[in-house]
Amino acid sequence: MFVTDVKKQSKKGFAELSALFVPEKPWHKPRRIWWRVPAKFAEVLETSGDPLFAAALPLAMLEGKRLKIEAAVSARLFQSAQYIQGLYHTWVPGAQQIPMETKVEQHPAGGSGVGCFFSGGVDSFYTLLKNGALPEGHPDRLTHLVFVAGFDLPLTNHTLLRQTRASLDRVATASDCQLLEVQTNLRALSDPWLTWGFYHGAALASVGLACGSLFRKLLIPSTFALKGQIHPWGSHPELDPLWSTERTEYIHDGGEALRCEKIIDWICHSDLALQNLRVCWKNYHHRYNCGICEKCVRTMLSLHVGTGKFNFPTFAKPLTVKSVKHLKLNDQTQLIFARENADYIRKSPYSNPALLNALNYAIQQGENQLYAKNTSCSAKGRSKSFSRFSDIIKTTK
C-alpha cells in the first residue's frame with residue numbers, strides 16, 4: 001500500500017488533513033482519506049506521517065505487500081511497528097508481516113493537553129468520572145474530550161450528530177474540558193478490509209496522531225476488564241501504548257473495572273452521565289438510544305441493578321422482561337456482558353427473578369447459537385471460519 005499526496009488545507013469552518021491511500025491489489029480502489037477539525041483547532045492538525053501510518057498498517061498487512069508512506073513518521077512509533085505487526089499477525093488471520101518504507105524522524109515536544117476519546121458511552125464516561133476525582137491542578141486532569149464523527153455515527157446522520165454534539169458540549173462544559181470534534185471518512189478505507197472490532201484502536205490512534213501537537217497524553221477507554229476478559233481486540237492494553245510518539249503518550253485506561261462496575265458504581269451516581277449517556281449504534285428511527293437493541297438493553301439492565309429503575313432519561317423505551325428474554329446474543333462479546341449482568345442481578349438489592357430468568361434464557365439461546373456456528377466453522381475450514389470469527393468480534397465502543 002502506498003500513502004501519498006499528503007495535504008493540509010483550510011476549508012469553510014474547518015481544517016483538513018488528507019492523503020491518497022493506494023492499494024497494490026487492483027480490486028481495491030485508491031481512496032482519499034481525510035481528518036477534519038474545527039477552524040479554531042487548525043494549528044494542531046499534523047502533516048506528519050503518523051496518522052497515515054496508524055491508519056494504513058493493519059490494512060497493508062492484510063494486503064501482504066509493503067507499506068510506503070511519503071511523509072515522515074515518528075522514530076518511536078516506527079520502532080514500535082514491529083511489535084504492532086507481531087500482534088496483528090497473531091490475532092488476525094491473513095495479516096502478514098511486511099516491510100515498511102518511510103522517512104523516520106524524532107518529533108519535538110508538543111502540547112500539554114491531556115485528552116480522552118469520548119463517545120458518551122459507558123467506558124468513556126467511566127474514564128471521565130474517575131479522572132474528575134483528581135485534584136485541581138493535577139498534571140493528569142483531562143483538558144479535552146475527543147469525539148470522532150464518522151466512526152459509530154455516520155457523517156450523513158445530521159440529526160443525531162447535532163443531538164450528540166449538544167450532549168457532549170454539556171458534558172465538556174460541566175467537566176471543565178474543551179470538546180474537540182474530529183470528522184473522518186476513515187471507515188470508507190477500512191471496512192472493505194478489516195472488521196471494526198480489530199481496526200478501531202488503530203483508527204482512534206490515527207485521529208489522535210492527526211492532532212499530535214496538542215496532546216501530551218491521550219486516554220483510550222477500555223472495553224474489557226483486565227481480569228479474565230482480555231482477548232485479541234483492536235483496542236488492547238498491549239497494543240494501545242504502542243501508538244505513542246515522542247510527543248503523545250497513549251494510555252489504555254479503565255481495565256481495572258468490569259462494565260457492570262463502571263455503570264453501577266460510577267454512572268448510576270452521576271446525574272451528568274445519566275442525562276447524557278449514549279451507547280446505541282443501531283439508532284433505530286434516529287434515536288439517541290433506541291432502547292431495543294442488544295447494547296441498549298444490556299446497559300439498562302446494569303442501570304436497573306444500580307438504581308432499581310426501569311426507565312432512564314436517554315433511552316427511548318423502558319427496560320422490560322420481554323426485551324431481555326428476546327435479546328439476541330450473537331457473539332462472545334455480548335455473552336461476556338450478559339453473564340456479567342446475570343451475576344450482578346443475583347446479588348443486587350433490587351434482585352428481580354423475572355429479569356434474571358429472562359436473561360438466563362437469552363444466554364442459553366446465545367450459547368447454543370454460538371456453539372452451532374463455531375461447529376459449522378470448524379467443518380468448513382479456516383477460510384470460512386475467519387468470516388465467522390469476524391462476526392464474533394464485531395462490535396463498537
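Predicted model: local features only at pLDDT ≥ 70, side-chain atom pairs only at ≥ 80, totals over all residues.

**Cysteines and a covered strand**

C260 counts as buried, because its relative accessibility is 2%. A disulfide is a covalent bond between the sulfur atoms of two cysteines. A search of the whole structure finds zero disulfides. C260 is accordingly in none, and the nearest cysteine sulfur, that of C268, lies 9.9 Å away. For C280 the nearest cysteine sulfur belongs to C290, at 3.6 Å, and C280 is in no disulfide either.

The next stop is strand β8, which spans residues 113-117 and is mostly covered, with five of its five residues buried. Its residues point two ways: G113, G115 and F117 to one side, V114 and C116 to the other, and all are buried.

Strand β8 has pairing partners. With strand β11, residues 215-221, β8 pairs in the parallel sense over four bridges. Within that pairing, G113 has F215 of β11 as its bridge partner. With strand β9, residues 144-149, β8 again pairs in the parallel sense, here over three bridges. H144 in β9 is the bridge partner of G115. Between β8 and β9 the chain passes through helix α3, residues 122-132, and this β-α-β crossover is right-handed.

How values were computed:
Residues numbered from 1 in each chain as written. Heavy atoms only, no water. Disulfide = S-S within 2.5 Å. Buried < 20%, exposed > 50% of the residue type's maximum accessible area, 1.4 Å probe, protein only. Helix = DSSP H or I, 4+ residues; strand = E, 2+ residues; numbered from the N terminus. Pairing = 2+ DSSP bridges. Right-handed = clockwise from strand over helix to strand, strands pointing away.
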